[in-house]
Amino acid sequence: MTAPAGVTVRVPAKVNVQLAVGAARPDGFHDLANVFLAVSLYDEVTATPADELTITCEGPDADKVPLDRTNLAARAAELLAARHGISPDVHLHIAKDIPVAGGMAGGSADGAGALLACDALWGLDTPRDVLLEICAELGSDVPFSLVGGAALGIGRGERLTALPVGGAFHWVFAVADGGLSTPAVYGEFDRLTEGVDVPEPTASPVLLEALRTGDTNALAGALANDLQAAALSLRPSLAATLTAGTEAGALAALVSGSGPTTAFLVKDAEAAESVATALTASGTCRTARVATSPAPGATVLPA
Ligand code: C5P
């Protein structure tokens with residue numbers, strides 16, 4: 001059998017429908033109860049044979065994506081190759097549709113996508129649990145990018161339990177100008193909670209039930225992000241975006257992960273279109289995107 005010319009993997013973005021954050025741990029990370037939901041905005045990572053590891057990127061935000069070894073896609077190829085004692089000679093092309101540095105795990109998606117694409121290209125057939133271990137090494141959100149659907153992440157957010165989802169949810173995402181650094185947002189969370197007894201993070205039973213039954217109204221009432229105050233403190237203009245979306249008819253609004261992308265849960269596809277139009281017209285965001293959830297995890301596309 002000859003090696004395939006190239007392997008393309010499609011990977012979803014995520015929104016955190018609940019992000020409960022505990023106190024800073026000695027290692028600097030925070031224990032989380034992180035309820036991830038994959039949404040239908042995707043990056044595609046294509047791996048093709050090359051003489052050395054190189055990355056290219058296309059898409060509206062391509063100029064904001066690092067093309068060196070700091071890119072999680074490059075690190076994924078290196079870690080996988082190292083596990084198998086081979087050289088990471090691959091070209092990775094990222095077709096980027098997920099907002100960059102937006103709290104939607106776009107970088108993590110590219111890490112998970114590159115891992116799966118290289119595994120297929122190199123014919124390694126690495127066991128799923130080893131792939132998940134490598135994902136956790138790459139970053140706290142990377143394992144979820146591989147599995148998709150919905151999951152509760154504990155620990156740093158990397159220890160996942162799949163969650164049942166009983167129906168489709170409709171979303172609008174408002175993309176802000178510029179990014180927000182995840183460590184900076186966690187740092188601001190620490191500053192804002194200084195002297196406060198931060199409780200152990202736990203998943204909300206009401207929220208898990210809303211996911212299980214596909215109940216949009218119940219989910220709207222249960223959305224929660226403990227990083228929201230920190231993101232708003234670093235980027236106060238996000239408050240106007242949240243208000244614009246709710247005034248346009250969204251059932252609920254929250255900051256997505258560490259931001260600055262904001263997420264709006266809406267009743268149906270029609271409401272998504274009208275809220276997206278209103279958000280774009282409001283001048284409080286760069287652009288607005290509609291999406292549905294849940295979405296499948298990293299998937300090899302047919303050649
Ligand atoms: O794991 P990842 O590399 O994505 O984390 C990026 C940064 O986000 C960490 O360096 C840390 O500052 C912060 N973080 C955290 N607690 C977590 C996950 C991330 O403090 N559970």
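Me: Which strands does helix H10 lie across?
Reply: Keep in mind that you're looking at a predicted model. Helix H10 covers residues 269–282, and it lies across S7, S10 and S11. Its direction runs at about 10° to that of S7.

Me: Okay, so how do I read the sheet itself? In what order do the four strands come?
Reply: General idea to begin with: strands of a sheet pair through backbone hydrogen bonds, either parallel or antiparallel. Here, the order is S9-S10-S7-S11, the sheet is open, and the pairing is antiparallel. At the edges sit S9 (252–255) and S11 (287–293), each pairing on one side only. From one strand to the next, the twist averages 25°.

Me: Let me zoom in on one strand pair. How many bridges join S9 to S10?
Reply: Four bridges do, and the two strands run antiparallel. The peptide bond joining Gly259 and Pro260 is cis, with omega about 10°.

Me: On to helices. At what angle do H2 and H3 pack?
Reply: H2 takes in residues 106–121 and H3 residues 128–138; they pack at about 145°, with their axes 10 Å apart. The crossing is right-handed. On the H2 side, look for Gly111, Leu115, Leu116 and Asp119; these meet Leu131, Ile134, Cys135 and Leu138 of H3. By class, that contact has six nonpolar residues, one polar and one charged.

Me: What about backbone angles? What is phi of Ala105?
Reply: Phi of Ala105 is near 65°, a positive value in a residue that isn't glycine. You'll find Ala105 in the loop between strand S4 (90–95) and H2.

Me: Why does Ala105 count as buried?
Reply: The cut-off for buried is under 20% relative accessible area. Ala105 has 11% relative accessibility, so it counts as buried. Asp125 has a relative accessible area of 68%, so it is exposed.

Me: Last topic: rings. How many aromatic pairs turn up in the whole structure?
Reply: A pair of aromatic rings is described by the distance of the centres and the angle of the planes. A search of the whole structure finds two pairs. In one, Phe36 and Phe144 are stacked, 4.7 Å centre to centre with 10° between the planes. That pair links distant parts of the chain: Phe36 is in strand S2 (residues 30–49) and Phe144 in helix H4 (residues 142–147), 108 residues apart. Phe36 and Phe144 are both buried.

Me: And how does the pair of Trp171 and Phe173 look?
Reply: Trp171 and Phe173 are stacked as well, with 6.0 Å between centres and 20° between the planes. Both of these residues, Trp171 and Phe173, are buried.

Note on methods
Residues are numbered from 1 along each chain as its sequence is written. This is a predicted model: local features need pLDDT of at least 70, side-chain atom pairs count only at pLDDT 80 or more; totals for chains, interfaces and linings use all residues. Side-chain values use heavy atoms; hydrogens and water are left out. Axes are lines fitted to C-alpha atoms, for helices over the stretch in contact, and angles run from 0 to 180 degrees between N-to-C directions. A crossing is left-handed if the near helix is turned anticlockwise from the far one by less than a right angle, and right-handed if clockwise. Contact means heavy atoms within 4.5 Å. Ala, Val, Leu, Ile, Met, Phe, Trp, Tyr, Cys and Pro count as nonpolar, Asp, Glu, Lys and Arg as charged, and the others, Gly among them, as polar. Two strands pair if DSSP finds at least two bridges between them. Buried means under 20% relative accessible area, exposed over 50%, partly exposed in between (1.4 Å probe, protein chains only). Rings of Phe, Tyr and Trp (its six-membered ring) pair if their centres lie within 6.5 Å; planes under 30 degrees apart count as stacked, over 60 as edge-to-face and the rest as tilted.
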